[in-house]
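The structure is shown first, followed by the details by topic.

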Amino acid sequence: MSSTPFHLYVWPHRLLVLGPSYASGQHRHHAAQIACGLEGPVAYESPQTGVQRGDLVLIAPDALHSHAAFGAAAVLYLDAESLEWAGFAGREAAGLVSLPFKPRLRSFARRAAGGDAGAAQAFVEDLIGQPSNTRSGEDALISQVCTLVRQRLDGRITLAGLAAAAHRSPSRLAHRFRAATGVPLRRYVLWCRLRAAAQAAMRGSSLTEAAHEAGFADSAHLSRTFRATFGIAPSFLFERGRLSVTFCETAGGT
């Protein structure tokens with residue numbers, strides 16, 4: 001296992017964090033969270049369900065929860081508005097729930113913690129299935145819109161502006177984008193901003209510089225958004241030498 005404390009694998013609309021789990025007070029975030037212990041069970045607590053201990057634990061979106069330190073873990077964050085989450089078994093849970101555990105998940109997670117991107121992908125696919133490859137003639141349109149989003153991250157991005165550039169109506173573009181990528185366009189933009197900020201921080205930019213590059217008002221805005229989405233402060237993760245990041249893509253290339 002690598003000596004780097006944290007490893008992040010970042011997709012356009014999901015995040016896998018591997019590393020030590022420090023004690024946390026009560027908090028909530030909008031992304032669904034699936035935690036797997038690298039050495040043994042994980043334990044979370046919520047006011048609604050009490051302590052939930054298991055090898056694989058699901059924390060539902062916006063569920064208030066806390067945890068003590070329980071060693072190294074792999075934690076997958078899924079966008080709460082994504083088709084991946086909509087199709088996930090156990091998503092009806094209101095708070096915390098233990099999920100059926102397959103030992104190979106722990107093997108994948110341990111390898112991913114050492115920097116194996118293939119193992120990280122295998123871990124995700126084992127949990128949520130393989131990404132769909134059923135997109136048809138809209139590939140060029142979706143690729144164009146994703147490119148426009150990435151080009152405009154340092155400014156204001158609107159559905160109307162993207163639709164005009166793509167020569168589609170806003171309602172039609174919104175429908176086709178979600179069908180192709182699995183997330184609403186506005187959520188995709190937010191994940192792209194968070195991803196861009198992470199990339200800037202890993203290049204050595206300060207959080208203020210990273211926030212501006214990614215289109216956030218300031219570092220406080222970035223920090224609030226990052227914490228609200230993942231329950232983690234970016235200043236904690238992006239401390240020099242603490243983190244290794246791999247930026248991944250979906251099968252559709254977005």
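In this predicted model, helix α4 (residues 139-151) packs against helix α6 (residues 170-181) at an angle of about 100 degrees, with 10 Å between the axes. A second pair, helix α2 (residues 103-113) and helix α3 (residues 117-128), packs at about 150 degrees, with the axes 7 Å apart.

**Helices α4 and α6**
- Angles of 65 to 115 degrees count as roughly perpendicular, and α4 and α6 are therefore roughly perpendicular to each other.
- On the α4 side, the contact involves Leu-141, Ile-142, Val-145 and Cys-146, which meet Leu-173, Arg-176, Phe-177, Ala-180 and Thr-181 of α6.
- By class, the contact of α4 with α6 has seven nonpolar residues, one polar and one charged.

**Helices α2 and α3**
- Angles over 145 degrees count as roughly antiparallel, and α2 and α3 are therefore roughly antiparallel to each other.
- The crossing of α2 past α3 is left-handed.
- From α2, the contact uses Arg-104, Leu-105, Phe-108, Ala-109, Arg-111 and Ala-112; from α3, Ala-119, Ala-120, Ala-122, Phe-123, Asp-126 and Leu-127 take part.
- By class, the contact of α2 with α3 has nine nonpolar residues, three charged and no polar ones.

**Asp-79**
- The loop between β9 (71-78) and α1 (83-86) holds Asp-79.
- Asp-79 has a relative accessible area of 0% and is buried.
- At 2.8 Å, the side chain of Asp-79 reaches the backbone nitrogen of Glu-81.
- Apart from neighbours within four places in sequence, Asp-79 is in contact with His-13, Trp-85, Val-183, Arg-187 and Trp-191.

Technical notes. Residues are numbered from 1 along each chain as its sequence is written. This is a predicted model: local features need pLDDT of at least 70, side-chain atom pairs count only at pLDDT 80 or more; totals for chains, interfaces and linings use all residues. Side-chain values use heavy atoms; hydrogens and water are left out. Axes are lines fitted to C-alpha atoms, for helices over the stretch in contact, and angles run from 0 to 180 degrees between N-to-C directions. Helices (H or I, at least four residues) and strands (E, at least two) are DSSP runs, numbered from the N terminus. Angles under 35 degrees count as roughly parallel, over 145 as roughly antiparallel, 65 to 115 as roughly perpendicular and the rest as oblique. Contact means heavy atoms within 4.5 Å. Ala, Val, Leu, Ile, Met, Phe, Trp, Tyr, Cys and Pro count as nonpolar, Asp, Glu, Lys and Arg as charged, and the others, Gly among them, as polar. A crossing is left-handed if the near helix is turned anticlockwise from the far one by less than a right angle, and right-handed if clockwise. Buried means under 20% relative accessible area, exposed over 50%, partly exposed in between (1.4 Å probe, protein chains only). A polar contact is a pair of N or O atoms within 3.5 Å; within protein, one must be able to donate a hydrogen and the other to accept it, and residues adjacent in sequence count only if both atoms are side-chain atoms.
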